[in-house]
Amino acid sequence: ESSQTGALGLLSDVVGGAAGSGFDADTAASTAATVSSLLDASLFASGMVDARRALGAANADLGGQIAGTVGALATGMIAGAYGGQNKSVVTDNLELRAFRTDCGTRDAAFRLSSGAGVTDLPASALDAAGGDSCEGGAPADVDVKVARLKNVYASEGDGAISDLLQIELGGEGATVKVDNLAEPIVFDIPFDYDPTLEAGYDPGIRTGTCYNRSQVLSFDCDVPTTFDCGESREVTLPDGSTMTFEAPVYSGDGVPLDVTVTCPAKTAACSFWDNATSSWSSDGCAVVASTASGVTCACTHLTDFAASTTAPDADVVVSVRYPTPSPTTPSPTSSPTTSSPGPSPQPTSTPTLRPTPAPSVVPVQSPTLRPTAAPEAAPVAAPVPTSQST
């Protein structure tokens, strides 16, 4: 990046030094191509603005340095032109057109092919630039320089949504400071289509819950929206009254707070880069009309402009989450009770009784009587004769 810084410094010195004497068409084209190449470099990548600021004042002003180089290029391109003539150059990151006005061309619109440019340049602005009135006398020609270039001041989250539109007035090789005009200069700034800027767009509602004071809720609105649970809030109670409430110190230690956020709607705005504060400002500018792809601005001064978006604070409603009572089981009653109609019970079919067959009687066989043998009589032994003695 140091080499890019060096190249920018050298280019700025060369272009600024030669602007008064003028550039031919080839020199203007090659210079514009160099500027476009630098605008593509990492030095001017998205998100690098804050990094440059952190490196110090010299690096922080690199955006102003390249914007000044573009202005000097415009001055050199129109040098030597006659009244009513205009010259232009177009590259990927830069479109530049310089007009030399005379009394016959002061009422023209000074636009670029992108649609950006001046639609109404009041005579008082041309007079303030040294042109004087066209009513009598010999008014001087006034140079009107309009350039669109990559927004070298934009940083993430700053709301800028368009390229930079540079508008300058001058003459005789110099740029004239124009501010505090009685009549504003009106100009258009186109930007990429944004559906959230359509008329009637509803950004929606988001909800969250504070369970403890250490939480910071983030809501996915189109505009970054947060809610700090550590702050005391006025809440609406069920009876309509209000009281100041705080989220519990620890989760489960008390009643949570429910947070309902109505997301804010974005609107297009006209901004300019304030070199004194190194920030975007809208002082002296007003929105004449806007669409989802462009804004028409009316400003009482000239500088480097851009379209931006603004949004009001989100509408936040905080309520207390009361515990839901546990349901109670009613005691059974013998008489039917009337209740609110509910779903009809499914019919219950009566079970069909299956006939039970009678048990089969197993025939019991009578026992067969075994015949009993008659007892046999024991034989009686015949008496043995007893011999008698003689």
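Q: Contact here means heavy atoms within 4.5 Å; which residues does Phe305 touch, not counting residues up to four places away in sequence?
A: In this predicted model, Phe305 touches Asp163, Leu164, Leu165, Ile167, Phe187, Ile189, Ser271, Phe272, Cys285 and Cys299. Each of these therefore has a heavy atom within 4.5 Å of one in Phe305.

Q: What makes the link between Cys210 and Cys229 a disulfide?
A: The cut-off is 2.5 Å between the two sulfur atoms. For Cys210 and Cys229 the S to S distance is 2.0 Å, so the pair qualifies as a disulfide. The structure holds four disulfides, and this pair is one of them. Cys210 is in strand β9, while Cys229 is in the loop between β11 and β12, and the two are 19 residues apart.

Q: Why is the disulfide of Cys210 and Cys229 given a hand, and which one?
A: The hand follows from the torsion about the S-S bond: here that torsion is about -75 degrees, so the disulfide is left-handed.

Q: How do you know whether Cys210 and Cys229 are buried or exposed?
A: Buried means under 20% relative accessible area. Cys210 has 0% and Cys229 has 2%, so both cysteines count as buried.

Q: What makes Cys221 and Cys263 a disulfide, and what does the pair tie together?
A: The S to S distance of Cys221 and Cys263 is 2.0 Å, within the 2.5 Å cut-off, so this is a disulfide. Cys221 sits in the loop between β10 and β11, and Cys263 in the loop between β14 and β15, so the pair ties together parts 42 residues apart in sequence. A torsion of about -65 degrees makes this disulfide left-handed. Relative accessibility is 10% for Cys221, which counts as buried, and 4% for Cys263, which is buried too.

Q: Which residues touch the most other members of the largest nonpolar core?
A: They are Leu121, Phe187 and Phe305, in a core of 33 residues. Among the elements that each supply at least two residues of this core are α6, β5, β6 and β8. A second, separate core has 31 residues, including Leu62, Leu94, Tyr153 and Trp273.

Q: How do you know that the span of helix α5 agrees with its number of residues?
A: At 1.5 Å a residue, the 17 residues of α5 should span 24 Å; the end C-alpha atoms are 25 Å apart, which agrees.

Methods
Residues numbered from 1 in each chain as written. Predicted model: local features only at pLDDT ≥ 70, side-chain atom pairs only at ≥ 80, totals over all residues. Heavy atoms only, no water. Helix = DSSP H or I, 4+ residues; strand = E, 2+ residues; numbered from the N terminus. Buried < 20%, exposed > 50% of the residue type's maximum accessible area, 1.4 Å probe, protein only. Core = buried A, V, L, I, M, F, W, Y, C linked by side-chain atoms within 4.5 Å. Expected span 1.5 Å × (residues − 1).
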